[in-house]
Amino acid sequence: MADLETVLIIDDDLNIINLVRKFILNEGKRALLASSSNEGLEYLKTDSVDVMFIDLKLPDDDGISLLHKALNLCPNIASVIMTGFGTLESAINAMRLGACDYITKPFNQQQIIYSLQRALSISQANKQLEQKNACEKNELPLENFVAASISMQKVLSLIKKISLFEVPIMLEGEVGVGKKTLARLIHQKSQDDNEPFSHINCSTAVSSELNHKFGNVVLKTLIQKRSLKNIQKGTIYLEDIEQLPSIEQKQLVRMIEDGCIRTPWSTHSNNYSFRLIASTTVELKEEVSKGNFHRSLYDYLNFMPIKVPPLRERRDGIKPLGIHLLEQLSYAWNRNLDEYRHRINNDVWESLINYDWPGNVQELATMLSRIVLLGESSVITNELKQLQHPISTQNNDLISVPLNGDLKSIEQQIIKEVVKRCGGNKAAAARTLRMQRKTLYRILDDRNNFRGSD
Ligand SMILES: Nc1ncnc2c1ncn2[C@@H]1O[C@H](COP(=O)(O)OP(=O)(O)OP(=O)(O)O)[C@@H](O)[C@H]1O
């Protein structure tokens with residue numbers, strides 16, 4: 001019973017309650033029934049409820065005021081308002097308060113199921129956001145940001161200059177260069193450092209079929225939740241913005257035009273003032289010229305572009321960053337740092353500095369964890385030497401593929417071979433082939449692993 005999604009139906013009309021209950025049970029969900037506002041609130045105090053169907057007119061309260069009380073008790077709950085007397089004003093009030101749907105009686109099974117699915121996806125998105133925020137609060141503080149290389153010092157000094165101004169920022173760079181960390185650093189250095197930092201990955205936020213149907217539920221929910229709690233400040237970080245589907249791009253442009261998101265020219269009095277930071281791993285300008293990315297959104301985000309260099313272009317910073325990552329490891333695994341530093345002799349550092357790091361900081365962190373865990377630095381050094389220049393040093397700029405398949409399977413074989421030569425790193429393979437990662441994953445038909453092996 002614990003994992004079954006629960007729907008609370010609150011209506012004083014027994015016929016309506018029974019009808020909605022039947023549809024909900026048909027969908028395999030659990031249904032709780034209440035005939036008054038107070039009865040409904042009692043359920044919320046004692047039971048775990050995902051979605052509420054609320055009648056607008058209840059004997060002891062009205063649906064809007066009940067919705068308000070319910071959201072105070074359970075902020076993640078998603079609600080559908082039902083009414084026999086639909087007015088534009090009550091619909092607007094309900095939506096403003098955070099109801100995700102408003103349906104007028106009489107309704108049929110299809111309408112209820114549609115509203116139910118929509119509400120369930122929003123309640124799920126709410127929970128995910130809450131979990132994410134809770135995890136982020138537990139992370140290590142960011143005073144330890146390492147910018148030892150000359151190129152990263154330039155990035156850092158730019159960030160120090162612009163963080164206090166609420167301008168949009170676009171972080172450009174390969175996978176794993178540390179854009180997420182930089183986005184959080186910008187937030188911490190902004191005037192809104194006590195306000196929430198919300199992170200949305202544009203590729204996963206739209207991954208489910210349901211989300212495709214209803215648009216970027218996570219983004220909408222986030223904005224809705226923030227306005228509900230009267231949070232109009234802070235930072236929203238949109239990772240991999242190039243993956244935001246066209247319909248969501250347009251929505252975002254509309255939100256910017258409507259003043260829901262701050263622009264560098266807007267005044268404090270009539271605008272929300274949260275800052276947008278976006279990141280991309282591709283040349284977004286090219287996507288604009290190919291018609292894949294909205295021009296106005298690009299112009300807005302490109303107000304302050306910051307290029308984050310890959311690790312191979314800041315080799316002077318690899319050792320200090322490596323030592324910092326070792327410190328993090330020793331902290332996380334509750335071990336003595338010296339014990340870890342000991343395992344990495346000068347030879348290993350040299351190999352680490354000379355390696356090309358297609359997976360950047362993330363790959364460096366993984367490699368250091370392996371060294372620390374295995375303790376056999378000579379094995380790792382040899383491995384790194386073999387991995388060095390995965391494509392060019394293996395005397396195999398040529399790939400031979402049997403021509404007995406169709407074009408798609410030949411394409412797949414070539415990609416698989418390049419992935420193999422890049423040591424299984426698909427992001428590096430995509431770069432080598434000068435194709436977008438998502439195209440590579442699509443061709444390999446490997447979407448489930450989309451974030452797995454980078
Ligand atoms: N300059 C840095 N100084 C200290 N730690 C860093 C730095 N860059 C990255 N890290 C650490 O490396 C890990 C990965 O960084 P992050 O999460 O920002 O990168 P990512 O998500 O893999 O990369 P990106 O967002 O660019 O695709 C994190 O634990 C982060 O704290």
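Leaving aside residues up to four places away in sequence, Asp55 touches Ile10, Asp11, Asp12, Gly63, Met82 and Thr83, contact being defined by C-beta atoms, placed from the backbone, that lie within 7 Å. The model is predicted: local features need pLDDT of at least 70, side-chain atom pairs count only at pLDDT 80 or more, and totals for chains, interfaces and linings use all residues. Residues are numbered from 1 along each chain as its sequence is written.

Asp55 lies in strand β3 (residues 51-55); strands (E, at least two residues) and helices (H or I, at least four) are DSSP runs numbered from the N terminus. Asp55 counts as buried because 26 other C-beta atoms lie within 10 Å, the criterion being 20 or more such atoms within 10 Å of the residue's own, with C-beta atoms placed from the backbone. An unreviewed UniProt entry lists Asp55 under "modified residue: 4-aspartylphosphate"; such annotations may be inferred rather than shown by experiment.

The ligand is surrounded by 16 residues, the closest being Val146, Gly178, Lys179, Lys180 and Thr181; a residue is near a molecule if its C-beta atom, placed from the backbone, lies within 6 Å of it. Two or more shell residues come from each of α7 (179-188), α13 (318-332) and α16 (360-374). Domain 2 (166-309) and domain 3 (312-388) each supply at least three residues to this shell, the bounds coming from an automatic or database domain assignment.

Across the chain, 20 helices and ten strands are present, and 35% of the 454 residues are buried. Of the contacts between residues at least 6 apart in sequence, 71% join residues at least 24 apart.

Terms used
Buried ≥ 20, exposed ≤ 12 C-beta atoms within 10 Å, placed from the backbone. Contact = placed C-beta atoms within 7 Å.
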